[in-house]
Amino acid sequence: MSALTPQQIDALDWDKQLGLIPAVVQDASTLRVLMLGYMDRAALQATLDSGHVTFFSRSKQRLWTKGETSGNFLDLVSMETDCDRDTLLVRAQPHGPTCHLGRESCFPNAPGHPGDALSFLVELDDLVKQRERERPAGSYTTHLFDKGVRSIAQKVGEEGVETALAAVVQDDAALCGEAADLLFHLQVLLRARGLSLGDAVAVLRARHGQPHRGHAPSE
């Protein structure tokens, strides 16, 4: 876990907003913006001590740990300050929906425009995560999770072969269709192993500009 040092905490501009610091929370895996809250010194220290993101509730006038009622905690992964030292960026691992409306994020279209490819992949990853948690009857994704990792892995293999064949002998529409099937089933496989698309992207990000033998570079 990467957190602030005592010197960095003391250097925060606590006086600008009467002892409160805005804290933007991101999903550590997908980097999706989840919510905005405010921390005072006690809330910041409680976050560091407990590992659960904690705020100062301006309406309740007390410390408030996200998930203390719902169980949808935000596990702290890292924390940094902006250039003016008056705002915090908190990366956390969410356990369930962050928004009180039952949504993954308090900003339903974050990140990016809803029509953006990356935004949709994040949205789909959230849906797959929800299906794995809730297992609604009649859902194809539920059926996949119920079959287990081996069966999902076999399906990914089949979709990979079909994608490769489409690239060689079929038209663009068929290739895009098979590629979409492959992406979806890959997301389900990652989730079945307790991972997310963000974990795979993190590997690509780490490799960026540094290709290794046996591994494809990210560009």
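## Pockets and cavity

The second largest pocket has a volume of about 210 Å³. Of its 13 lining residues, S29, T30, L118, V122 and V201 are the closest to its centre. Helix 3 (117–134) and helix 7 (197–207) each give at least two residues to that lining.

This is a predicted model: local features need pLDDT of at least 70, side-chain atom pairs count only at pLDDT 80 or more, and totals for chains, interfaces and linings use all residues. Residues are numbered from 1 along each chain as its sequence is written, and side-chain values use heavy atoms, with hydrogens and water left out.

The terms are as follows. On a 1 Å grid over the protein atoms alone, a pocket is an open set of points with protein on both sides within 12 Å along at least five of seven lines; a cavity is a set where a 1.4 Å probe fits but cannot get out; lining residues have an atom within 4 Å of a point. Points are joined across faces, edges and corners, and a volume is the space filled by probe spheres set on them. Helices (H or I, at least four residues) and strands (E, at least two) are DSSP runs, numbered from the N terminus.

The largest pocket has a volume of about 490 Å³. Its lining counts 24 residues, with M35, F55, S57, W64 and K66 closest to the centre. Strand 2 (33–39), strand 3 (54–57) and strand 4 (62–65) each give two or more residues.

The largest cavity is lined by D27, T30, R32, L34, P94, T98, E104 and D126.

| Space | Volume |
|---|---|
| Largest pocket | about 490 Å³ |
| Second largest pocket | about 210 Å³ |
| Largest cavity | about 40 Å³ |
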